[in-house]
Amino acid sequence: MMENTTTTVYYSTRPTYFQNETNDSNVPTECYQKINSTGLFDFIVYGILINFVGLCGILGNTISMVVLSRPQMKSSINYLLIGLASCDTLLIIIAILIFGLPSIYLYTGYLFNYQFVVYPKIVKYLYPISCAAQIATVYLTLTVTIERYIAVCHPLKARSFCTCGRARLAFLSIVIFALIYNSPKFFEIEIYTEMHWKYNVVVYCVRPASLRSNDLYVTVYVHWMYFFVCYSIPLIALIIFNVAIYRRVRKANRDLQQLTHHQRREIGLATMLLCVVIVFVICNILPLTSNIMETFIGDPPR
């Protein structure tokens, strides 16, 4: 998840890569951050791995959307999966723009104009949009699970509940909710300028706005609400629905010969999406741990 990493997004032009600071006042700074060359690990993780994995994710999601959008593939579950892939792709693109590209400059010195002109002007908008895309992926994953739960555990109700129209309405509702919920984040970042120490040109920097420095806002909205809205509620619901699906799948596998072709197809889809949800939960364990530490203990170790 992106929220815990975006808590430092404002400092991407002067990130926490620069932790081995000295007391030498003669060391030049960029956006009030002293310069050194200790960002190799971050360059590998952000500049290389995030960009590479992100490009693979964009390719995979694009192929999935092309396949699932074929007329013969039209169904409620596929419509939801297209929406999920779309939000995932948007999240990946923004992750590359916010984290991947800036780290290239920080270690190599390349992409100077992006770092100090383009990035500060777009991050104010990309940051809340990325958070909205993140929450949308969470609740779309939950919606896909609910759709499978109805199709597998209550097949008689599936024909009326699992329709393309309802899937479209669910997708739009989740996107609107995600945008409204994350709208305060548009006011968390502000831009300021300074003269670059080396090139003697005006550069743009970003920093937290006064809203982000408000203790009540950070405690209630950033930590507690995020913990419940983005983690606790959907995670508990995912566990409950997937346990029910798993039990139904196990029973169906014992009675495989008695199932119709349609029922076997539904069970196969449910099994595939169980794997998707398991990967989803595993990938969110570290961000959840980080969020818990931020909420109850303090800043987690990098």
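Guide: Axes here are lines fitted to C-alpha atoms, for helices over the stretch in contact, and angles run from 0 to 180 degrees between N-to-C directions. The model is predicted.

Visitor: At what angle do H3 and helix H4 pack?

Guide: Helix H4 covers residues 112-153. Its axis and that of H3 are 7 Å apart. The packing angle is about 155°.

Visitor: Are H3 and H4 roughly parallel or roughly antiparallel to each other?

Guide: Their angle is about 155°. Angles over 145 degrees count as roughly antiparallel. H3 and H4 are therefore roughly antiparallel.

Visitor: How many residues of the contact of H3 with H4 are nonpolar?

Guide: H3 passes H4 in a left-handed crossing. The residues of this contact include eight polar and three charged ones. The nonpolar ones number 26.

Visitor: Which way do H2 and H3 run, roughly parallel or roughly antiparallel?

Guide: H2 spans residues 40-68, and H3 spans residues 76-108. Their axes come within 8 Å and cross at roughly 155°. The cut-off for roughly antiparallel is over 145 degrees. So H2 and H3 are roughly antiparallel.

Visitor: In the contact of H2 with H3, how many residues are charged?

Guide: H2 passes H3 in a left-handed crossing. The contact has 19 nonpolar and eleven polar residues. The charged residues number two.

Visitor: And H6: is H3 roughly parallel or roughly antiparallel to it?

Guide: Helix H6 holds residues 164-181. The axes of H3 and H6 come within 8 Å and cross at roughly 25°. Angles under 35 degrees count as roughly parallel. That makes the relation of H3 to H6 roughly parallel.

Visitor: Is the crossing of H3 and H6 left-handed or right-handed?

Guide: The two axes cross at roughly 25°. The crossing of H3 and H6 is right-handed.

Visitor: Where does H3 bend?

Guide: H3 has 33 residues and reaches 47 Å from its first C-alpha to its last. That is close to the 48 Å expected at 1.5 Å a residue. Still, H3 bends by about 35°, at Ile-96.

Visitor: Which residue just after H3 takes a positive phi?

Guide: H3 ends at residue 108. Just after it, a phi of about 90° belongs to Gly-109.

Visitor: How many bridges join strand E3 to strand E4?

Guide: E3 spans residues 189-195, and E4 spans residues 202-208. The strands run antiparallel. Ile-191 has Val-206 as its bridge partner, and Ile-189 stands opposite Pro-208. The number of bridges is seven.

Visitor: Which residue in the turn of the hairpin has a positive phi?

Guide: Six residues lie between E3 and E4 in this hairpin. The phi of about 55° belongs to Asn-200.

Technical notes. Residues numbered from 1 in each chain as written. Predicted model: local features only at pLDDT ≥ 70, side-chain atom pairs only at ≥ 80, totals over all residues. Heavy atoms only, no water. Pairing = 2+ DSSP bridges. Helix = DSSP H or I, 4+ residues; strand = E, 2+ residues; numbered from the N terminus. Parallel < 35°, antiparallel > 145°, perpendicular 65-115°, else oblique. Left-handed = near helix turned anticlockwise from the far one by under 90°. Nonpolar A, V, L, I, M, F, W, Y, C, P; charged D, E, K, R; others polar. Expected span 1.5 Å × (residues − 1). Bend = angle between axes of the 7 residues up to and from the residue.
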